[in-house]
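Dear colleague,

Please find below the structure that I am handing over to you. My notes on its strands, its cavity and its aromatic residues follow.

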Amino acid sequence: METEKQNNNHKKTIAIVASLIIVCAVFVILLVTVILPKRKDNSKVEIDNTGKYEETTSSVEKTDERQESTSENIKSYKQLFSNADVGSTVLFGSYEQDNNSSNGKEDIEWIVLAKEGSRVLVISKNALDCKCFNSSLKDVTWETCSLRNWLNNVFMKAAFSDGERGMIPTVTISDDSSAGAGNSTTDQVFLLSISEANKYFASDSDRMCQGTAYCSKQGAYVANDGNCFWWLRSPGCDSKNFAYVDRFGSVCDDGHGIILEDYAVRPAMWIEIGD
């Protein structure tokens, strides 16, 4: 009788333990599948809301900082150009030069050629790229050549920020000294003419120009001394040959074929330094 009673108690104990195990199991399942995920979701919403607010605030602050920085940079640039003497150099804009894109673009060094009122005429110290004067062999002028389009679109966007581009005025470009020069144009970036290359440089040695590593990689002929040939915008002996400056700094009036692919590009432009 006692043994039977013990067996019944044992069965009751087992039943209670089993029930507890089942309850615990159900609780664990609920905890894992319902309670914790919900708490995580709530927490995530709270964090996301906070994070977004902080990110938005930070973004606004950064935008303001960029605008302020750009504004300060423009003021600094104008001051630098204002103080620069003719013949001195100023850093402005950036372009790939060392042929190592992993370290970003390098600052462009510009030579001050002239100062007239609130504007400064500059030309890049080094040849920055290599382009044919026109993409196909046909009669062209500065107005219609592909190099003009590249300078005022591709190069402008690659080399300057919006604020910097705002310092580069659109000016009237003409070349009355060269027969067949074509119509006047309005450009921000341009090449020097024959007369300008002779006017703004005192000697052949002053006109000599070295190409950057990137310019060379793009196909420009670069001599052992580092000097290269660079285009001018004036027509040469005809409208399929345009003037250039050779590696010794001489202005070659007769010109060379416009589809030549190893002549370098030396951009020129006016900078607005007034308020």
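Strand β8 (residues 230–238) runs antiparallel to β9, and four bridges join the two. Strands here are DSSP runs (E, at least two residues), numbered from the N terminus, and two of them pair if DSSP finds at least two bridges between them. A hairpin with two residues links β8 to β9, and tryptophan 230 faces valine 245 in β9 across the pair.

This is a predicted model, in which local features need pLDDT of at least 70 and side-chain atom pairs count only at pLDDT 80 or more, while totals for chains, interfaces and linings use all residues. Residues are numbered from 1 along each chain as its sequence is written, and side-chain values use heavy atoms, with hydrogens and water left out.

Strand β9 (residues 241–245) is mostly covered, with five of its five residues buried (under 20% relative accessible area, 1.4 Å probe, protein chains only). Four bridges also connect β9 to strand β10 (residues 251–257), again in the antiparallel sense; phenylalanine 242 has histidine 256 of β10 as its bridge partner. Five residues lie between the strands in the hairpin of β9 and β10, where glycine 249 adopts a positive phi near 90°.

A further five strands make up an open antiparallel sheet in the order β1-β2-β3-β12-β7. Its edges are β1 (89–95) and β7 (189–190), each of which has a single partner strand, so one side of each lacks a neighbour in the sheet. Two bridges hold the antiparallel pairing of β7 with strand β12 (residues 268–272), and phenylalanine 190 stands opposite alanine 268 in β12.

Searching the whole structure gives one cavity of 30 Å³ or more. A cavity is a set of points on a 1 Å grid over the protein atoms alone where a 1.4 Å probe fits but cannot get out; lining residues have an atom within 4 Å of a point. The largest cavity holds about 60 Å³ of space, the volume being that filled by probe spheres set on the points. Its lining includes Trp142, Asp175, Asn183, Arg233 and Pro235.

There are 17 aromatic pairs in the structure, a pair being rings of Phe, Tyr or Trp (its six-membered ring) with centres within 6.5 Å. One aromatic cluster comprises Tyr77, Phe81, Phe92, Tyr95, Trp110, Trp150, Phe155, Phe160 and Tyr214.

With kind regards

Notes: Phe/Tyr/Trp six-rings, centres within 6.5 Å; stacked < 30°, edge-to-face > 60°. 1 Å grid on protein atoms, 1.4 Å probe; cavity = no way out; pocket = protein on both sides within 12 Å on 5 of 7 lines; lining within 4 Å. Buried < 20%, exposed > 50% of the residue type's maximum accessible area, 1.4 Å probe, protein only.
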